[in-house]
Amino acid sequence: MPEFHLLPEAASVSATQYDYLWWYLVAVSIIMTAVIFAGVFFFAIKYRRRSETEIPKPIEGSRFLEITWSVIPFLVMLTFFFWGAALYFRNQNPPADAMNIYVVAKQWMWKVQYPNGVREINELHVPVGRAVRLTMASEDVIHSFFVPAFRLKRDVVPGRYNDMWFTATKPGRYHLFCAEYCGTEHSGMIGWVTVMLPKDFENWLAHGGGEGSMASQGQKIFQQMGCSTCHLFDEQGRCPNLKGMYGSRVLLSDGRTVVADEAYVRESILNPNAKIVAGFQKDVMPTFQGLVSEEDILELTEYIKSLSETRGGMFTSDQTGPTAGGGRGGSIGNAGQGSLDTHGTSMTNQPSRPEANAQAQSVGQPAAPKAAAPGGKQ
Ligand code: CUA
């Protein structure tokens with residue numbers, strides 16, 4: 001006899017948490033329904049009309065009762081809100097050391113790429129017990145990344161990044177669906193998530209092939225598109241020096257400050273005039289809309305990330321000045337994307353190395369940083 005499951009298998013930390021909440025909702029609903037129905041039947045029988053001539057006694061309202069049966073259910077329902085909100089916020093904020101994997105949705109497939117350059121289609125391999133963050137983009141229409149065993153579903157919307165994260169708890173293979181109607185072959189836009197033991201995953205990742213790390217591919221695009229003629233690394237060019245920019249706070253010409261994250265890099269490539277760094281001019285950089293794909297942008301982003309060993313400093317137009325190294329040194333803090341971004345296959349989270357960074361800042365290095373080498377340690 002086939003096994004009967006009320007819920008799909010639970011294979012992530014959040015799946016178990018959502019299931020507890022779900023069972024709680026079911027239990028409270030059943031209790032409330034039972035209490036209401038029991039009350040209806042009890043009072044219908046107790047206060048039924050006993051004879052044709054009976055005239056009921058008038059009943060006055062009771063403020064005490066009214067308040068009680070309003071306040072108690074209100075408090076019970078509020079537990080839904082607080083429990084749900086706590087889970088929501090937890091699942092909104094990936095831990096700083098989460099492993100980054102990129103997903104591009106396209107009619108009708110899921111394209112997955114790892115920072116070390118390994119690619120796969122309609123498959124996602126992840127290690128068990130480790131937080132994984134998916135940064136997702138769409139090449140065309142709205143798709144939705146849905147893994148029932150993880151109890152996770154997130155729309156993938158063109159024109160922006162959507163991310164989600166999870167920690168898988170059980171090795172195995174789990175269904176991946178597109179859960180948003182996206183055209184004729186929507187129903188075929190399915191795949192598998194494979195959860196592996198960490199050692200197996202390291203092996204798989206190391207032997208997965210690929211054309212070099214995402215950062216090194218991004219570096220090629222950076223050269224081909226001519227970005228390197230304006231974004232110089234050893235001196236101030238017509239466009240901001242990108243070394244050390246990723247993850248830092250950027251002062252804009254209109255006085256605002258933004259954090260240079262993935263969304264900022266993406267916007268700056270597609271709509272360069274949206275946020276001009278203080279000290280630079282509008283209309284110097286053309287838009288690359290239509291010239292680069294979402295995958296190209298992700299590779300460029302990985303490359304730009306690889307130019308920043310450290311995070312959290314203040315990025316201004318005098319970046320390359322003599323005070324740049326020391327000036328940023330004080331506020332250097334590793335925001336903790338870890339070495340995965342810069343070292344490809346290395347999965348360990350290393351502390352930041354301010355001294356190495358300061359050196360890289362002050363010595364005029366050519367455009368290719370060592371950090372971009374796949375699996376390389378500096
Ligand atoms: Cu993609 Cu439905």
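Biologist: What do β6 and β7 form, and how many residues lie between them?
Modeller: In this predicted model, where local features need pLDDT of at least 70, side-chain atom pairs count only at pLDDT 80 or more and totals for chains, interfaces and linings use all residues, β6 and β7 form a hairpin with 4 residues between them. Arg-151 in the turn has a positive phi of about 55°. Residues are numbered from 1 along each chain as its sequence is written, and side-chain values use heavy atoms, leaving out hydrogens and water.

Biologist: How many bridges pair β6 and β7?
Modeller: The two strands (DSSP runs of E, at least two residues, numbered from the N terminus) pair in the antiparallel sense over 5 bridges; pairing requires that DSSP finds at least two bridges. Phe-145 stands opposite Arg-154 in β7.

Biologist: Which residue of β9 stands opposite Phe-145?
Modeller: That is Cys-178. β6 and β9 run antiparallel, joined by 2 bridges.

Biologist: Why is β6 described as largely enclosed?
Modeller: Because 4 of its 5 residues are buried, meaning under 20% relative accessible area (1.4 Å probe, protein chains only).

Biologist: Changing topic, which residues touch the most other members of the largest nonpolar core?
Modeller: Leu-124, Leu-134, Phe-145 and Phe-150, in a core of 34 residues. Such a core is a set of buried Ala, Val, Leu, Ile, Met, Phe, Trp, Tyr and Cys residues joined through side-chain atoms within 4.5 Å.

Biologist: What is the bridge partner of Leu-134 in β8?
Modeller: Met-164 is its partner there. β5 and β8 run antiparallel, with 6 bridges joining them.

Notes
Buried < 20%, exposed > 50% of the residue type's maximum accessible area, 1.4 Å probe, protein only.
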